[in-house]
Amino acid sequence: MITKQIVINIPNGLEARPVALLVQVASQYECSIYVVSEEKRINAKSIMGMMSMGISTGETVTVEASGPDEEQAMENIEKYLSSK
């Protein structure tokens, strides 16, 4: 398992459309991917779960990936969340 802290740079934070795109990115991978913020640990492949987090631009989250393609998944999740 690998973990990484990532600062959200998406202009409006993780609202509906950015969450849908994040779920699409995460769903391309076999590994399990979780986003952790405060006490919440949510499956990044769950659109409803991710919507419930209410993460804003500038917040730092921890992303956990575990499985055969975890490194590639982490790289692409980080690229997406860090994009402006």
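Guide: A word before we start: buried means under 20% relative accessible area, exposed means over 50%, and partly exposed is in between (1.4 Å probe, protein chains only). The model is predicted, so local features need pLDDT of at least 70 and side-chain atom pairs count only at pLDDT 80 or more, while totals for chains, interfaces and linings use all residues. Residues are numbered from 1 along each chain as its sequence is written, and side-chain values use heavy atoms, with hydrogens and water left out.

Visitor: Okay, which residues of α3 are buried?

Guide: E70, A73, M74, I77, Y80 and L81. They cover an arc of only 135 degrees around the axis, which puts them on the same side of α3. The arc is that of the directions from the helix axis to the C-beta atoms. Helices (H or I, at least four residues) and strands (E, at least two) are DSSP runs, numbered from the N terminus.

Visitor: And what is exposed on the other side of α3?

Guide: E71, E75 and K79.

Visitor: What covers the buried residues of α3?

Guide: The cover includes β1, α1, β2 and β4. Contact here means heavy atoms within 4.5 Å.

Visitor: How far does α3 reach from its first C-alpha to its last?

Guide: The 13 residues of α3 reach 18 Å, close to the 18 Å expected at 1.5 Å a residue. The expected span is 1.5 Å times one less than the number of residues.

Visitor: Now α1. Which residues are buried there?

Guide: P18, V19, L22, V23, V25 and A26. Seen down the axis of α1, they fall within an arc of 160 degrees, so they line one face of the helix. The face turned away from that buried side carries exposed R17 and Q24. Cover for the buried residues of α1 includes β2 (32-37), α2 and α3.

Visitor: How many salt bridges does a search of the whole structure find?

Guide: Two. A salt bridge is a side-chain nitrogen of Lys or Arg within 4 Å of a carboxyl oxygen of Asp or Glu. One joins the side chains of K4 and E78, at 2.9 Å from N to O. That pair links distant parts of the chain: K4 sits in strand β1 (residues 2-7) and E78 in helix α3 (residues 70-82), 74 residues apart.

Visitor: What about E64 and R41?

Guide: Their side chains also meet in a salt bridge, 2.8 Å from N to O. E64 is in strand β4 (residues 60-66) and R41 is in strand β3 (residues 40-43), 23 residues apart. E64 is buried, with a relative accessible area of 13%. R41 counts as partly exposed at 46%.

Visitor: New topic. Which residues make the nonpolar surface patch?

Guide: I47, M48 and M51 make a patch of about 300 Å². Patches are made of residues with over 30% relative accessible area and no salt bridge; like charges are joined within 9 Å, nonpolar side chains (Val, Leu, Ile, Met, Phe, Trp, Tyr) within 5 Å. Areas come from the Shrake-Rupley method with a 1.4 Å probe, and for residues only the protein chains shown count as cover.

Visitor: Where is M51 found?

Guide: In helix α2 (residues 47-51). M51 counts as partly exposed, at 36% relative accessibility.

Visitor: Last one: what is the phi of E38?

Guide: Positive, about 55 degrees, although E38 is not a glycine. Most residues other than glycine have a negative phi. E38 is in the loop between β2 and β3, and is exposed, with a relative accessible area of 73%.
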